[in-house]
Amino acid sequence: MSDNSRRKFIKQLGSTAALIGAGSLSGLAADPAKQYIIQPAKHNISPNDKIRIAGIGMGIMGFGDVSTALKVPGVELVAVADLYDGHLEKAKTVYGNHIFTTRDYREILERKDVDAVIIATPDHWHDTQAIAAMEKGKAVYCEKPMVQQIEEGHKVIATQKRTKMVLQVGSQRVSSIALAEARKRYLAGDIGQLNMVEAKMDRHSALGAWQYSIPPDASPKTIDFDTFLKDTAKLPFDPVRFFRWRNYKAYGTGVPGDLFVHLITGLHFITGSKGPERIFASGNLVQWKDGRDVPDVMVAVFDYPATKEHPAFQMTLRVNFADGSGGGEYTRLIGTEGVLEMGWNDFKLKQHKVPKAPGYGGWDTYNTFTKAQQEEFAKQYNAKYSAADQAEHKPEESVYKAPAGYDDRYDHFVNFFESIRNGKPVVEDATFGLRAAGPALAVNESYFKKKVINWDPENMRII
């Protein structure tokens, strides 16, 4: 898309952002930055149109997802499933003794009073449970990454297409009003031609490195550990593996599936990309040598080819769980005329255009010319470039934020339930989910096999 086309597009599209004034922000340039509050759309939801849900997997994300879903009018919780008795007891405490609880998720799928399920189990269970739920006529909200293995993703896509059931992948930031506004700014050409993306998610805490707490009553009696293992290697009961499953490649997807996938998802939403064509990863296990078999420091490089949606660009993603500076995160989409610095529900737009005239003097061969040659050079320069061509463009900064209290996960569930109620397309279906998860899973392939991975973004397969 040309710059003129982008600008025409954005004028037609309009903006959801409302200007609220100017003022300096900490960490920005001395000149005041324009600040915008992005106004969310109003949802007209009838609480009389009931949707009955069940939670499958009631860990951190399970409780978070169910609680958020219940804030949407007309949504009721019927049942939950989990392999740890304590989670089932906690669910009754939080949501009421009337809910049905079970260790066997298949009992939930047999219930006629369940319209949709939220799958927040370990990654290696996602495909099996999502496919089984759709086969039973249930709509599915599946936590990211959609699958643990690439081929599983194609089976989920095929099942969704065949059953026509609604499936939403739970990378909730794609429903964020901030990300929607960032997409508008990108399509308007506000950063010029995209050429590089760089992002990091660094942490420096035990909990940030997935060393989650283990309940004192964890035992073979309170946990169905054999079912948790599924088709992985049979092992004696180990509560560490059960509660800290993200640390093991048998059950999770490590840094790429847990964190990189968020960054890839957001990038694909903003740019309309289908994915990279080459992927290379490097990393190490530096600090958290607690028995895990995935790295705590990882860098991945992705080469995105030129398509009708975007120019060719490179992306570098980094996670460091041993960051002695205390951690932090950012995502930057860098173009020839500016940069989008993404937060979670906010972003900064920094624009810096290069003058048409190249300038002279400073660190330049001009200073080595004789005086006569300098005068002649200046004469020719001024004849070639107008004052407007020579004018320096003052850097500009704008800050876009969602209102205080805004919750992108709520909007993600609203989108999911609207799709169930009236057929509105979900923002992140199974195909979108694999386009994000596939490159993330290919990062693990590159890391463990120590080689460059060639990826087919159209067909979503390793070449």
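Tryptophan 210 lies in the loop between strand 9 (194-202) and helix 8 (225-229), where helices (H or I, at least four residues) and strands (E, at least two) are DSSP runs numbered from the N terminus. This is a predicted model, in which local features need pLDDT of at least 70 and side-chain atom pairs count only at pLDDT 80 or more, while totals for chains, interfaces and linings use all residues. Residues are numbered from 1 along each chain as its sequence is written, and side-chain values use heavy atoms, with hydrogens and water left out.

Most residues other than glycine have a negative phi, and most peptide bonds are trans. The table lists two residues with a positive phi, both of them buried (under 20% relative accessible area, with exposed over 50% and partly exposed in between, for a 1.4 Å probe and protein chains only).

| Residue | Phi | Relative accessible area |
|---|---|---|
| Tryptophan 210 | about 70° | 1% |
| Lysine 230 | about 55° | 18% |

Lysine 230 is placed in the loop between helix 8 and helix 9 (239-243). The peptide bond from lysine 144 to proline 145 is cis, with omega near -15°, and proline 145 is found in the loop between strand 7 (139-142) and helix 6.

Helix 5 (residues 126-135) packs against helix 6 (residues 150-163) at an angle of about 10°, with the axes 10 Å apart; axes are lines fitted to C-alpha atoms, for helices over the stretch in contact, and angles run from 0 to 180 degrees between N-to-C directions. Helix 5 is therefore roughly parallel to helix 6, a term for angles under 35 degrees.

Terms used: Parallel < 35°, antiparallel > 145°, perpendicular 65-115°, else oblique.
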